[in-house]
Amino acid sequence: MTAAEGRTAPDEPPPTDAAALRSRTLRRHRGPIALGAFFLSLHQLCEVLVPVAIGLTIDLAVATGDVVALAWCVGGLALLFTVLALAYRTGARLTLGVAEREAHLLRLESAHRVLHPHGERSGLRSGEILAVATSDADQAASYARAWAIGIGQVTAIVATTVVLLSIDVPLGLGVLVGLPLMLLALRFPAARITRRTEDKQATAARAAAVATDLVGGLRVLMGIGARRDAALRYREVSDRALTASVGAAASNGVYTGLVTAAGAVFLACVAGASGWMALQGRLTVGELVIVVGLAQFLAEPIKGLGMVGQLFAIAKASARRMVRLLGAPDAVTPGDRVLPLSAAEEDPSDEPILALRGAGHRTLDDVDLTLRRGELVGVLTTDPRDAEALVDLLSGRANEARGATTVGGIPIEELDLASLRRTVLVEEHGVSLFEGTLRSNLVTGPDHDETRLMTALEAAAATELVDGHPDGLDRPVRDRATDLSGGQRQRVALARALAADPPVLVLHDPTTAVDAVTEEAIAQGVATLRAARGGATLVIASSPALLARADRVLVLREGRIHAEGTHTRLVEDDPHYREAVLR
Amino acid sequence: MSTDTTRPADSRAEGAPAGPDLLPTAGARRTWGVLGEGLRSIPGSTALALLTVLAGSAAGLVAPWALGTMVDDISSGAGPEAILRSALLIAGAALVGGILVGLGAWQVSRVGETVLARLRERVMERILHMPAARLERVRIGDLLSRVGDDVAVVTTAIARNGPEVVTALATVVLTTAGMTALDWRLGLAGLAALPFYTWAVRWYMPRSAPYYARERVAMGERSHALMGALRGRDTVRAYRLEDVHEECIAERSLTAMNLTLDVFRLFTRLGARMNGSELVGLGAVLVVGFWLVRDDLVTVGMVTAAALYFHRLFGPIGFLVMNFNDVQQAGASLARLAGVVDLPAAEDPGAQEGPAGSSLRVEEVAHAYAPGAPKALDGVSLEVAPGERVALVGASGAGKTTLAAVVAGLITPASGTVYLGGIPLDELGERRVREHVFLVSQETHVFSGTLLEDLRLARSDADRGEVEDALETVGALDLVRSLPEGLDTVVGEGGHELTAEQAQHLALARLALADPDLAVLDEATAEAGSSGARLLEEAASAATKGRTTLVVAHRLTQARTADRIVVMDQGRVVEEGPHDELVALDGRYARLWRSWRR
């Protein structure tokens, strides 16, 4: 299976409930599941036959001293073990293969759903989604495997029943009724123990969380001189975890003892009964061995079935979470009007490329704003929520916006998402960079031209990242770019946006983590580069360096445009502006 | 996007030429030693655990032996009372065995968990009290994986497998002994399987270990790809990179899947080899038994017992082999924990006298992060009078943060001395330094727990009122009151999420609460937006009012309100004086100020 093959998400609609998801799983892999179940059943059958073979050997060869019989028995034993091993190997590989493939498919489906351009409203947080795409995918997929294993266990129970009944009906019935009853009785304490074990795991997990939390903040602890207190705090939690563990171990011990004793007492009953029968001549010695051996063995498939039941329950819970994500409604419902790229870039008319007329969204009330090609417009917001709302609106994430927002003359809600994102690029304040290289982070389109990347880096005052590293543009970047400083991350994200060179670029607080000198260089670089490319740029910021480069600055206060003018004019005329911008 | 280009190159991710140190890992002997120390510290429990497990396994030997006797009794035509006796014997052994096995499992867990708890506490102790100089060189990820993953691996091994492994081992040893007790030749026949088991394990381990390692790496990369795309999904959508990321996730998921399947294929081959060993042992016992019965050396019953003994071993041996890998992993983690335990304890000269006053003097301090690396500090001298506030100003890389860390005692400079109240820091000893110097660093960390607990880390004996006063001082009381449960709100990982700005604000409240002689503030406002930055600046001035303070001024407004400004460039002090004087001087600071104010 290749990556491309695995990616083909089926066109059928996502499963609407857990049952639908699970039946799709079975449908998708019915061939291998059936074959796997067959081989696992064969394997269980062979396991049943091992005690039978021991008994037969004792009866036919050891007790009689017949060498030919011994040869036959040993040969049979060898054959039995060969079939047993091969059946297990084939069955186990088939069923695990199914589970893994299904998990892979579910994983890709979740990723596809989460990354879908329309977004999703499952209400799950990132960590929860990650859990859905990893452990839940695995567990939901194990549903298929549980079926095959369960069928194998049932086969073992049936085969044991047949052998026992064929040896002696009353004895067989006794074993078949007695053993499940005993195991059932043992389930009651098991439930209580499971609860205690879960409590224990929770306490242990808390101790681990405290440890990683304290070590994660070790430098801070050091700076504030709190290391001794931290050690004391950890010791307390660790001690609590120990008490919980030992408590759980005690109840586990009681349970283990119960199971051991019950199993052996049951065995004593079976042995006593069949011994008595053997004495009567109703059983041979070999049959005695077989009965006792099977009585011992039977516990395995019965316990196995219990485990399969658990697997089903776990798979069901996971499938439910999975469906919650896969069937989540879209976050946005975009239109289908296409804005040709050429129109966005070189429409000769003087229509603004971006226009807000009486636009409202969340805290935004009645905003008028126009942006023309080649223009650099600054927006100063006094309330961070206004900035967020504006960013939301311009990224096409605002579903119930009021007023009119047009891009290239087309209302934003009628525009299809591809056109909108091709035309308007919003680089948000919370920078997201990805694991890979500097280059892979900067290249976001088909154009891989190196000079273009370098020009963008230069404008973002970030060339030092390339010059100062032996690998240059190919220097590795860790997940979330944790190996870069906050200021470096901000500048790489800015360079990425500049390299993408969209008709409309929206930047939100792009320089909060860089020093004044660098900020000045960035302001100049951005203004020059965007002007040279003829793109329209909207900068939402309160940095005077950036605002001073803008053709005009709009002051957004209490959800409305409160003032408009050049930075210099506003500094002179508007005391509020001066207060907000100058530091 | 190919996997090669996306793999993080850990070794060269940091700029430091020497590369970060890894914490030590103990050798096998030392690991056993640490384990032995732990066991010896609770000798009674250890002995009890061992005895009960052995006795429990011994009780398990009764049943097959009694069955063998039963077979012989039947063959020799004994009366029903002989059968009853055997059955009662089995039942009696069952009850005793049950009690012993249960007790044994409990005791083994108790011993294991206790040893582990003390070990993890010692590890945390060592890590938390690591000397600043060493902490500066180790990777935080390494520390985290020791206290997180390694402890978890060992815990799981002890809780889930510990009692079973010990019981299985005891069963194998005692059952073999039982077979030998029946007849030494039968015992020997059973042992014929041993080389095959050994061979199976030795075939499997070296082949599987690298696969498991690769599988873990692949799963980690898969999670990285997923998490990276998830966290940055707005960015992914904005740049229309959905396909690229899905492709990458698909590729990594596939790689991980194929590795899992490969490992499992290997595992099933181990299973086949185990089955082969079982066949050899069982066949040997039956064939040898056959000849011994023919020569009248043993009875049919003894052969029966021996065959049942051997069949009984399938489970525990299988368990041991299948879990060998977990045990090995636990061993590896244990070695990493033992390595930390053996770190030298921090030497603390512990000066008897506290500093005489809160003045700060930095004398000719020079420092480079690695031998031969460019100097981060190059002969810096500086004096701060008690109660004076001095701001450090300069471009990135000028050495401001390094100087702050040196003054806070987090970095021991290559040469030069820092005096606090006239006493050199290295003579004061780390503990005393911490009592007098408080650092608010660029790093903010909200410790998980209630807000009250978090703040009290700065001063553990502070009561609620004092904490509230400190919050009031820095103007954070309203912020705290607006939280769902005020001071008792659970914050940090898994709790109420605070913004970076709020976290920084609380860090300043910690400073006010700790009330140290010397406060060092480093870029405390970098991530906040402009309005937030101003709020934090006010909080910082309130928290440091009247206190000897060294502040790394990222925003020049912080510098303007300082009593004195020290301008740094390339590790040196280039200008020094109050704001107005430096502006009038029209030098480097004046240029910075103009570009800041435009």
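What follows is a short chat about a predicted model with chains A and B.

Trainee: What does the secondary structure of chain A come to?
Mentor: Chain A has 20 helices and 12 strands. The radius of gyration of chain A is 35 Å, well over the 25 Å that the globule rule gives for 583 residues, so chain A is more spread out than a compact globule.

Trainee: What does the C-alpha trace of chain A span along its principal axes?
Mentor: About 115 × 60 × 50 Å. Of the 583 residues in that chain, 54% count as buried.

Trainee: Switching topic, how many residues of chain A are in contact with chain B?
Mentor: On chain A, 125 residues are in contact with 138 residues of chain B. Helix α8 (residues 227–280) of chain A gives the largest share of chain A's side, 32 residues.

Trainee: And what is that side made of, by class?
Mentor: The side of chain A that touches chain B has 72 nonpolar, 32 polar and 21 charged residues.

Trainee: Where is Gly327(A)?
Mentor: Gly327(A) is in the loop between α9 (285–326) and α10 (341–346) of chain A.

Trainee: Why does Gly327(A) count as partly exposed?
Mentor: Because Gly327(A) has 17 C-beta neighbours inside 10 Å, and a residue needs 20 or more to be buried and 12 or fewer to be exposed.

Trainee: Which residues is Gly327(A) in contact with, leaving aside neighbours within four places in sequence?
Mentor: Pro14(A) and Thr16(A). The C-alpha atom of Asp17(A), 310 residues away along the chain, is 8.4 Å from that of Gly327(A).

Trainee: Over to chain B. Where does the kink in α9(B) lie?
Mentor: At Ser208(B), shortly before the proline Pro210(B), with a bend of about 30°.

Notes. Residues numbered from 1 in each chain as written. Chains lettered and ligands numbered in written order. Predicted model: local features only at pLDDT ≥ 70, side-chain atom pairs only at ≥ 80, totals over all residues. Helix = DSSP H or I, 4+ residues; strand = E, 2+ residues; numbered from the N terminus. Contact = placed C-beta atoms within 7 Å. Bend = angle between axes of the 7 residues up to and from the residue. Nonpolar A, V, L, I, M, F, W, Y, C, P; charged D, E, K, R; others polar. Rg over C-alpha atoms; globule rule 2.2 N^0.38 Å.
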